[in-house]
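Have it open while you read.

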Amino acid sequence: MENRPIDVLGIGNAIVDVIAKADDALLERLGLAKGAMTLIDEQTAERFYASMGHAIECSGGSVANSIAGISSFGGRGAYIGKIRNDQLGAVFDHDIRALGVTFSSSKATEGAATARCLVFVTPDAQRTMATFLGACVGLAPSDIDRDLVKSSKITYLEGYLWDPPQAKEAFLVAMDIAHAAGNKTALSLSDPFCVGRYRHEFRELTDKHVDILFANEQEILSLYETEDFQTAIDSVRGTVDIAVVTRSAKGSVVVTTDAVHEVPAAPVSRVIDTTGAGDLFASGFLYGLTHDYSLPDCARLGGLAAAEIISHYGARPEVALSVFLETLNASV
């Protein structure tokens, strides 16, 4: 892969995760369904936030998690996302920079507040989430840093951000800049519901603009409107340079025009919280790809990172993911 100052540039929903302990009485008082994710408006977000006790606040969002993981591997990551010039915007800005990620997106001075996902953790380890999308959905073509895209080996985009029309324009602008500079583009399908809403648009996007596609089994089945996994694999083959499909305990499948690689899941002693598993799988795979690992080894790195993240709460690794480079090299 061409030498560039940045390994992977992520573009996605910039969300602050606010995580605090709670009891069932608080959930009942707030009207939250335990274990579910509820979309809320700004006024409700402020009211819920005021009800929370001591909390951990950190940068979040699917692709932001992936870029943080790349940094933990020792890679060079950058991120573009929309935040507001408010308290949580400052939290997002500081936290993602502290991870070693390049982040220079301008802060909105008006409009909706910075997005946040309020996470209430009850004693039984259930995570109940209330999400206000806020400023992040205001990403526009003018927010795309052309020089940063040109300087990145891979520009990685988040399917969750395909809803707002101006964000779609921003996606296409970024992809065009990347390809004009001789760089690669990657897309995460993000969620089966995203695929269901934009199936034909996503197919056109993958056919014309995407080099590397990430999906889980449910997403790839939905994309090609089939219940047969092999049919979905046959359908995606040749539409992109590389398709990476995760299958939870079944491992992953990496598909190119010339080959299909099936890679088993990494062993995990316990599963505590699957939040961020796909995000961190992408971290390992993209780190490996930008450092010239073989495709099966890229998937193994992804599997090791995913296994680490599901062994504890939250979508940030508890150990430097770079230790898995030694694990992988020792197994070869």
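The points below cover the sheet, the helices on it and the cysteines.

1. A word on the basis: this is a predicted model, where local features need pLDDT of at least 70 and side-chain atom pairs count only at pLDDT 80 or more, while totals for chains, interfaces and linings use all residues. Residues are numbered from 1 along each chain as its sequence is written, and side-chain values use heavy atoms, with hydrogens and water left out.

2. The sheet is open, with nine strands in the order 6-5-1-9-10-11-12-13-14 and mixed pairing. Strands here are DSSP runs of E, at least two residues, and helices are runs of H or I, at least four, both numbered from the N terminus; strands pair if DSSP finds at least two bridges between them. Strand 6 (102-103) and strand 14 (260-263) are the edges: each has a single partner strand, so one side of each lacks a neighbour in the sheet.

3. Strand 1 (residues 6-11) and strand 5 (residues 77-80) run parallel, joined by four bridges. Across this pair, Leu9 sits opposite Ala78.

4. Helix 3 (residues 62-73) packs on the sheet and touches strand 1, strand 5 and strand 9 (152-158); contact means heavy atoms within 4.5 Å. Its direction makes about 165° with that of strand 1 (N-to-C directions, 0 to 180 degrees, from lines fitted to C-alpha atoms, for helices over the stretch in contact).

5. Don't look for disulfides (cysteine sulfur pairs within 2.5 Å): there are zero. The sulfur of Cys136 is too far for a bond, because the closest cysteine sulfur, in Cys117, is 11 Å away.
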